[in-house]
Amino acid sequence: MELDSKCPTGPIETRWERHRFNLKLVNPANKRKYTVIVVGTGLAGGSTAATLGELGYNVECFCFQDSPRRAHSIAAQGGINAAKNYHNDGDSVYRLFYDTVKGGDFRARESNVYRLAAISLDIIDQCVAQGVPFAREYSGYLDNRSFGGAQVSRTFYARGQTGQQLLLGAYQALERQIGTGMVKMHPRSEMLDLIVIDGRARGIVTRDLLTGKVESHIADAVVLGTGGYGNVFYLSTNAKGCNATAIWRAHKRGALFANPCFTQIHPTCIPVSGEYQSKLTLMSESLRNDGRIWVPLKKGDKRKASEIPEAERDYFLERKYPSFGNLVPRDVASRNAKAVCDEGRGVGETGLAVYLDLRDSIARLGKNVIKERYGNLIDMYNRITGEDPYQAPMRIFPASHYTMGGLWVDYNLMSNIPGLYVIGEANFSDHGANRLGASALMQGLADGYFVLPNTIGDYLASNKFPKVEASNPAARQAEQEVAAITQRLLGAKGTRSVDACHRELGKLLWEDCGMGRTAQGLKHALSQIPEMRERFWKDVKVLGTGEELNQSLEKAGRVADFFELAELMCLDALERNESCGGHFREEYQTPEGEAARDDEHYSYAAAWEFRGVGNAPVLHKEPLTFDYVHPSQRSYK
Amino acid sequence: MRITLHIWRQRNASDKGRMVRYELPNVSEHMSFLEMLDVLNEELITKGEDPVAFDHDCREGICGMCGCMVNGVAHGPLPETTLCQLHMRHFKDGDELYLEPWRAKAFPVVKDLVVDRTAFDRIIAAGGFISVATGSAPDGNAVLVPKDNAERSMDAAACIGCGACVAMCPNASASLFVSAKIAHLGLLPQGQPERERRVTAMVAQANQEIFGSCTNMGECEAVCPKGIKLENIALMNRHFLGANWAGREGVEAD
């Protein structure tokens, strides 16, 4: 299979403009004759459904929550990047592009990243006009801050709730279209299969989560904005409902899955407290702007933080990376936190945590300024742990947070299945092997508001769409397969709950395919996962029926997919014999312990083709070339 | 610690429903309220009993999906805290807790503690937005927003749409929810052109959904997990009167 990225060539500054000009347009009067399905209502899905509705397309939109306003984009705290250079501190579209390619450790496409950086400007304008209450200066101008890994202030924010406010902006735009009838919303509906007819994506099969009704929906194109697969680790900062089912089932219908091993572990999360732990809570890394990260110099130092004198503290990020200090990229910060804990210098009851200390900033800026910047984060920490960060440092530890990998898409955001588009975290396209802070919101909205609404028109205008009925044999067969999975899960009548099975898988992955990976560990995981998966199907216990609201059944289907995805993740990690970004193979590091890339052999996106459960998938490689940002070893010293 | 739960169990909308007692002998104080329900559900599944259905998603207090009445108080006893962020250290050994779904005609029960809140979405669809088509916006700094207005707007925009205000209100009024959106958008210069149209349309939709009227009881503010203030309702009323005074499309008589 030839992977054609359809990336334009020529000067990078005008690639998107020239490409957009060459896209065919759909006549305004004809737009309503096309139906587009959008699955997921986060920043990417919500914004695209709204925009397609505005353009005049007939949109069918689906989410598994009770309302499109709940998607997990809402939990993003820190901010959204845009190269506005409002601070005159040397920022530019080119610099944002450069930082993103470098931050992604040279495993993303230059064309995509440049487009993302350029569109960042329009996103801020759009969101301000929608009424997103971004932070302001006293003069009324927009405020910015610098954010993890960036040396310029280009991050726009709305307190610690930027994701919430951006999502509400998209949600309100979407509701406006629902009100006008351009978008039909299907809440509490889960996509369980993709309908492919004559090689094109023509619809989806859903299960109504309230009644259990399995139904086919036919359209001319399908857009997946269903988020990432970080919950494969069981414990993650994702919402409990986040899942990979939509993209995984599309993968099983032929969509290639790219770079599954590129997962991001976020450095600033609240540590685990017990076995019952159901999720991990992220503290925005904006805290690293004013918080200093440290551990005791001595191993096993059990004194209270306040009793450890300055000379016996190790501010390990500031020590190792003097120019970036506490603001090094996420993967670097996470790995270093793990390293000091592995040395026995971790803090707290479990020893699996490091301090994030606001003391010096409070002394410098005053408690009020810190409260204004991080008040809600500090309250959240206080609520969860019962400790007061104004008095004692917070304890943090890395946790699974974001997945850079996802379905392979070309420059038009279309997968290798014609008519199947994938946007936001669900695709693999823009962040390479590591995502920079405040860039996920940017990508979700860039894809949803500005890229996809342009590119999808070209596909619709260039093709003929024979009429398809919901009774089409392909749809019928997909429905039957979905029903069979439900029956198999309900019929297992085993002894273990879905969560127990999921927890077991998560632990294995965290050990063998988490922050540090080795060939030996990955082989171990690959030998365990098929057994675990078989045990799951035999021994899972799902009560109730398929014809009612059945939350165990919903979870079971998602976990079944995680069992398959986990195997591909480990295989991809084993195949990639280098370290890059979030993928750290312990065998491949520099003498200073930094990720050692192997550009000669691995400068490609690994796109995997499904060949049946238990069968070896086929690897297709999309070579990456760098005309502008020349690969160098990332250095944050 | 030992906790006794009495939980409203209702198989579906047409089932009559009843309270069922459950004993949890080993609850850790570090657990969140929902993690305690997870533990209960694991036990129920082991015993072959139907687990308790409850809505939840982010478990960070921001998605607005979770919530139930705990001893008659929406989201439980801790101020400005959603159920998922409520930890068991705030309860004591031997406590008996009564868990019920949100009670309001406009929020019909779906199953156990799960209710249907789509009425909120319909209120937003009626007018809770600024009509700006993608791509038509001027530069972000072209329109200045005084910091105080931006802050007050943000205070109101923090609403998570959980429905606790409705559940707690003796009239099952949605005024706090509706007014939070009116204030969020109405305090910004970008929201001015549609200010009157917005308030009349949203209030009309809330009436249509059979939410009750506001009688300034203040229960909504007391339980709001995001600290949305009653003053938003005053602002909404002012905008509403202003809109009718201006003679724009008023509320249709119902």
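Predicted model: local features only at pLDDT ≥ 70, side-chain atom pairs only at ≥ 80, totals over all residues.
Okay, let's start with chain A. There's an open sheet of five strands here, and reading across it the order is E5-E2-E1-E9-E17, with parallel pairing. So what sits at the edges? Those are strand E5, residues 183-186, and strand E17, residues 420-422; each has a single partner strand, so one side of each has no neighbour in the sheet. On average, neighbouring strands in this sheet are turned by 20° against each other, if you ignore direction.

Strand E2 of chain A, residues 58-62, runs parallel to E5(A), and four bridges join the two. If you want a pair to click on, Val59(A) stands opposite Val183(A) in E5(A).

Now, which helices pack on this sheet? One is helix H6 of chain A, residues 245-252, which touches strand E1 (35-39), strand E9 (221-224) and E17 of chain A, with its direction at about 130° to that of E9(A). Helix H12 of chain A, residues 440-462, also packs on the sheet and touches E1, E9 and E17 of chain A; its direction makes about 155° with that of E9(A).

Over to chain B. Here we have an open sheet of five strands too, in the order E2-E1-E5-E3-E4, and this time the pairing is mixed. The edges are strand E2 (18-24) and strand E4 (73-74) of chain B, and since each has a single partner strand, one side of each is left without a neighbour in the sheet.

Where can you see the mixed pairing? Look at E5(B), residues 96-100: strand E1 of chain B, residues 3-9, runs parallel to it and is joined to it by four bridges. Leu5(B) stands opposite Leu97(B) there. Strand E3 of chain B, residues 69-70, runs antiparallel to E5(B), with two bridges, and Met69(B) has Glu100(B) as its bridge partner. There's a helix on this sheet as well: H1(B) lies across E1 and E2 of chain B, at about 90° to E2(B).

Next, one helix and the core. Helix H16 of chain A, residues 551-575, has 25 residues, which at 1.5 Å a residue should span 36 Å; its end C-alpha atoms are 36 Å apart, so that agrees. Is it covered or open? Mostly covered, with 21 of its 25 residues buried.

The largest nonpolar core has 287 residues, and the members touching the most others are Val36(A), Val223(A), Leu407(A) and Val166(B). H16(A) gives the most to this core, 13 residues. As for Leu407(A), leaving aside neighbours within four places in sequence, its contacts include Ile247(A), Ala250(A), Phe257(A), Val422(A) and Phe428(A).

Last stop, the place where the chains meet. How many residues are in contact? On chain B it's 66, and on chain A it's 62. Chain B's side draws at least two residues from each of helix H1 (33-47), strand E6 (109-111), helix H2 (118-127), helix H3 (147-157) and helix H5 (175-186). And that side of chain B divides into 31 nonpolar, 21 polar and 14 charged residues.

Methods:
Residues numbered from 1 in each chain as written. Chains lettered and ligands numbered in written order. Pairing = 2+ DSSP bridges. Contact = placed C-beta atoms within 7 Å. Nonpolar A, V, L, I, M, F, W, Y, C, P; charged D, E, K, R; others polar. Axes fitted to C-alpha atoms, helices over the stretch in contact; angles between N-to-C directions. Expected span 1.5 Å × (residues − 1). Buried ≥ 20, exposed ≤ 12 C-beta atoms within 10 Å, placed from the backbone. Core = buried A, V, L, I, M, F, W, Y, C linked by C-beta atoms within 7 Å.
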